[in-house]
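Here is a short briefing on one protein fold. Look at the sequence and the 3D view first, then read on.

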Amino acid sequence: MGKILATLMLLIGFLATAFQVVAETAVINKYVPDAKKVGEDRLSYFVWDVYDAALYSPEGTFSRDQPFALKLDYLRWLKGIRIAERSAKEIKQQGFEDEDKLSEWLNKMIGIFPSVEKGDTITGIKDINGHAVFYLNDRRIGWVQDREFAERFFDIWLGAKTSQPEMRKELLGL
C-alpha cells in the first residue's frame, strides 16, 4: 500500500508540474507568436540561487521591435516589495534620472509583484503595443501601459547597461 501511495503522489506531482508548464507556455504564446526560447541563465547571489531566467521571442530571434517574454522561475522565497525595490534600483543604476517617474513606476511595481515561493514563476511580457504585462504562474497580475516603463524594466536584463552582463549574453544567445 505504501509503494502505491508513493507512486500515486509522484504521479500527481509530475502531472501538476506538467500542467503548470503547459499553462505558462500558453501565456507566452498568447502574446508572442511562434515563441521559441532565445536563451536562459541562472541568477545566483553569493551562495543563493535566486531564479532561472529564460527569454522567448518569435522564432527564437530577439528584436526589441517584436513582442517577447522573460520568464523568471524562482528558486527561493522573496517578498514582492523587495522585487519591486530591486527593479527600481536597477533601472536607476542604468542611468534613469527622472525621480518622479521612477517613484510612480515603483508604486506600480509594488502593486503588481507578489511575494514568491520556490517554484513560482513571474513572466514579464512586452506585448505588440510595447506595454508590459505580468503573470504569476498562469494568472495575470498586472499591466503597465507605458512604453518607456517596458523598455526600462526589461533593460534590467536585456540592456547594454545591465548589472548582469553575462546573464544578458546568455539570454540573448550571444
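The points below go from the overall layout to the sheet, one aspartate and the charged pairs.

This is a predicted model, in which local features need pLDDT of at least 70, side-chain atom pairs count only at pLDDT 80 or more, and totals for chains, interfaces and linings use all residues. Residues are numbered from 1 along each chain as its sequence is written, and side-chain values use heavy atoms, with hydrogens and water left out.

**Overall layout**

- The protein has five helices and six strands. Helices (H or I, at least four residues) and strands (E, at least two) are DSSP runs, numbered from the N terminus.
- Starting at the N terminus, the elements follow the order α-β-β-β-α-α-β-β-β-α-α.
- The protein has 174 residues, and 42% of them count as buried. Buried means under 20% relative accessible area, exposed means over 50%, and partly exposed lies in between (1.4 Å probe, protein chains only).
- Take the contacts with a separation of 6 or more: residues 24 or more positions apart account for 54% of them. A contact means heavy atoms within 4.5 Å.

**The sheet**

- Strands of a sheet pair through backbone hydrogen bonds, either parallel or antiparallel. Here, two strands pair if DSSP finds at least two bridges between them.
- Six strands form an open sheet in the order β1-β2-β3-β4-β5-β6, with antiparallel pairing. The edge strands are β1 (35-45) and β6 (139-144), and each pairs on one side only.
- From one strand to the next, the twist averages 20°.
- β1 and β2 (residues 48-58) run antiparallel and are joined by 10 bridges. Glu40 stands opposite Ala54 in β2.
- Helix α5 (residues 165-172) packs on the sheet and touches β1, β2 and β3 (68-74). The direction of α5 makes about 160° with that of β1. Axes are lines fitted to C-alpha atoms, for helices over the stretch in contact, and angles run from 0 to 180 degrees between N-to-C directions.

- Why is β5 largely enclosed by the rest of the structure? Five of its five residues are buried, so the strand is largely enclosed.
- Ala132, Phe134 and Leu136 point one way from β5, while Val133 and Tyr135 point the other way. All of these residues are buried.
- β4 and β5 run antiparallel, joined by five bridges. In this pair, Ile122 stands opposite Leu136 in β5.
- The β4 and β5 hairpin has five residues between the strands. Gly130 in the turn has a positive phi of about 85°.
- β5 and β6 also run antiparallel, with five bridges joining them. Val133 stands opposite Trp143 in β6.
- The hairpin of β5 and β6 has two residues between the strands. There, Asn137 takes a positive phi near 55°.

**A buried aspartate**

- Asp127 sits in the loop between β4 (121-126) and β5 (132-136).
- Asp127 is buried yet has no salt bridge. A salt bridge is a side-chain nitrogen of Lys or Arg within 4 Å of a carboxyl oxygen of Asp or Glu.
- How far away is the nearest side chain of opposite charge? That side chain, Arg147, is 7.1 Å away. Lys and Arg count as positive and Asp and Glu as negative; His and the chain ends are not counted.
- The side chain of Asp127 reaches the backbone nitrogen of Asn129 at 2.9 Å.
- Leaving out residues up to four places away in sequence, Asp127 touches Tyr31, Pro67, Val133 and Trp143.

**Salt bridges**

- Side chains of opposite charge can pair when their charged atoms come close.
- A search of the whole structure finds 12 salt bridges.
- One of them joins Lys36 and Asp34 (2.8 Å, N to O). Lys36 is partly exposed, with a relative accessible area of 39%. Asp34 is partly exposed, at 39% relative accessibility.
- Another joins Arg42 and Asp49 (3.3 Å, N to O). Arg42 counts as partly exposed at 41%, and Asp49 does at 32%.
- Arg42, Asp49 and Asp52 are linked in a network of salt bridges.
- Glu99 and Lys92 also meet in a salt bridge (2.9 Å, N to O). Glu99 is partly exposed at 43%, and Lys92 is partly exposed at 43%.

Conventions. A polar contact is a pair of N or O atoms within 3.5 Å; within protein, one must be able to donate a hydrogen and the other to accept it, and residues adjacent in sequence count only if both atoms are side-chain atoms.
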